[in-house]
Amino acid sequence: MLFALMKLITWVLSPLALGLLLGGAGGYLGWRGHRRTGFGLVGLACVWLWVWSSPWFYFILGGNLERQYPSTAVDSLQQADAIVVLGGGLGSPTPLTFYPELYPGADRGWHAARCFRAGKAPVVVFSGTAEGPGMRQFLVDLGVPKEKIIIESESKNTYENGVFTREKLKELKAHSIILVTSAWHLRRAIMAFQGMGIKVIPAGCDYEALSILGGPQPPLVLRYLPTPDFLMRNSMVCKEYIGYWAYWIYYRATGKI
C-alpha cells in the first residue's frame with residue numbers, strides 16, 4: 001500500500017503531470033473570467049515544461065547524481081562475496097523475439113559481467129521482475145557461467161530489491177556485495193541495501209549525463225532547446241530524487257539509518 005501510494009505521488013509530482021495541471025488550471029480560470037491569473041498559470045506551465053525538457057537542466061540534475069559515484073576501473077574495486085546487479089534496461093525474449101532486447105540501462109549487465117570476469121566476486125545475483133531470463137542469457141553471452149548466476153525475480157522496486165536479494169545472500173552466506181546499477185540510481189540503491197544490513201561496494205555504470213558532457217559538444221543554443229527526449233530523461237531523474245527522499249524518510253522513521 002505504501003509503495004502504491006508512492007507511485008501515485010511520484011506521478012502527480014512528475015514534470016509532465018504538474019505542467020498539465022498548471023496549464024489546465026490556468027485554462028479553466030481564464031475561461032471563468034480570471035484572465036490574469038489564468039494566463040499567468042499557463043505561462044508558468046510553459047516555462048515549467050521548457051525547463052524540464054531542456055538538456056542544460058538534465059546536465060545539472062542528472063550530472064549531480066552521477067558525480068557522487070565517479071566512473072572507476074573495475075580493477076580498483078574491493079573483493080566481495082557476490083555481485084548484485086539490479087534490473088532495468090533489458091527486455092527478456094518473447095514468443096516474437098529470440099534474444100534479449102537491450103536498452104540504455106543494459107550497461108548494468110555488461111558491468112556485472114566485467115566485475116565477475118575480473119574476479120571480484122564468485123557469483124552474480126540479478127534482482128528484478130520479468131527480466132531474469134533475458135539477463136541470464138545476456139550474462140552467459142558475456143562469459144559468465146550459467147551456474148554462477150542467481151536470479152531473484154520477485155522485486156518490483158528498489159526497496160524490494162534489497163528485501164528479496166537479502167534472502168538470496170543469506171543462502172550464499174554472503175555479507176558484502178558489489179552493487180551494480182546506473183550511476184544516477186546508486187544513491188537510493190545503496191540506502192536500500194544498507195538498510196538491510198548489507199555491506200555495499202558501489203559499482204556505477206550507465207553514466208548518461210556525464211557521457212554527453214564528456215563527449216563532443218553541440219552548439220550552445222541546443223542546450224536550451226526543449227526536446228521530448230530530455231523531458232523523459234529529466235522525468236526519470238526527478239523520480240529518482242523523489243524516491244531517494246521517500247526512502248530517507250522511511251529509514252529515518254524506522255531507525256535503520
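Visitor: Is Asp-206 buried or exposed?
Guide: In this predicted model, Asp-206 has a relative accessibility of 6%, so Asp-206 counts as buried.

Visitor: Where does Asp-206 sit, and what about its phi?
Guide: Asp-206 lies in the loop between β7 and α9 (208–214), and its phi is near 60°, which is a positive value in a residue other than glycine. For context, most residues other than glycine have a negative phi.

Visitor: What lies at 2.5 Å from a polar atom of the Arg-108 side chain?
Guide: That is the backbone oxygen of Gly-87. Arg-108 itself is found in helix α5 (residues 107–117), and, leaving aside neighbours within four places in sequence, its contacts include Val-85, Leu-86, Gly-87 and Gly-88, as well as Val-180, Thr-181, Ser-182, Trp-184, His-185 and Cys-205.

Visitor: Switching to helix α8, how many of its residues are buried?
Guide: Eight of the nine residues of α8 (residues 186–194) are buried, so the helix is largely enclosed by the rest of the structure. Among the buried ones are Leu-186, Arg-187, Arg-188 and Phe-193.

Visitor: What do those buried residues pack against?
Guide: The buried residues of α8 pack against the helices α4 (55–67), α7 (158–172) and α10 (228–254), and also against the strands β1 (82–86), β6 (176–182) and β7 (199–205).

Visitor: Which rings do Arg-187 and Arg-188 lie over?
Guide: Arg-187 lies over the face of Tyr-244, at 3.7 Å from the ring centre, while Arg-188 lies over the face of Tyr-247, at 5.2 Å from the ring centre.

Visitor: How many aromatic pairs are there in the whole structure?
Guide: A search of the whole structure finds 15 aromatic pairs. One of them is formed by Trp-56 and Phe-57, an edge-to-face pair at 5.4 Å centre to centre with 70° between the planes. The rings of Tyr-58 and Phe-59 have their centres 6.2 Å apart and their planes at 55°, so that pair is tilted.

Visitor: Are Phe-57, Tyr-58 and Phe-59 buried or exposed?
Guide: Phe-57 is buried, with a relative accessible area of 17%, and Tyr-58 and Phe-59 are buried too.

Visitor: Which residues form one aromatic cluster with Phe-57?
Guide: The cluster is formed by Trp-48, Trp-50, Trp-52, Trp-56 and Tyr-224 together with Phe-57.

Visitor: Last topic: what does Leu-41 touch?
Guide: Not counting residues up to four places away in sequence, Leu-41 touches Leu-22, Ala-25, Gly-26 and Leu-29. Leu-41 and Leu-22 are 19 residues apart in sequence and 5.8 Å apart in space, C-alpha to C-alpha. Leu-41 is found in helix α3 (residues 35–52) and is partly exposed, with a relative accessible area of 21%.

Note on methods:
Residues are numbered from 1 along each chain as its sequence is written. This is a predicted model: local features need pLDDT of at least 70, side-chain atom pairs count only at pLDDT 80 or more; totals for chains, interfaces and linings use all residues. Side-chain values use heavy atoms; hydrogens and water are left out. Helices (H or I, at least four residues) and strands (E, at least two) are DSSP runs, numbered from the N terminus. A polar contact is a pair of N or O atoms within 3.5 Å; within protein, one must be able to donate a hydrogen and the other to accept it, and residues adjacent in sequence count only if both atoms are side-chain atoms. Contact means heavy atoms within 4.5 Å. Rings of Phe, Tyr and Trp (its six-membered ring) pair if their centres lie within 6.5 Å; planes under 30 degrees apart count as stacked, over 60 as edge-to-face and the rest as tilted. Buried means under 20% relative accessible area, exposed over 50%, partly exposed in between (1.4 Å probe, protein chains only). A charge sits over a ring if NZ of Lys or CZ of Arg is within 6 Å of the ring centre and within 35 degrees of the ring normal.
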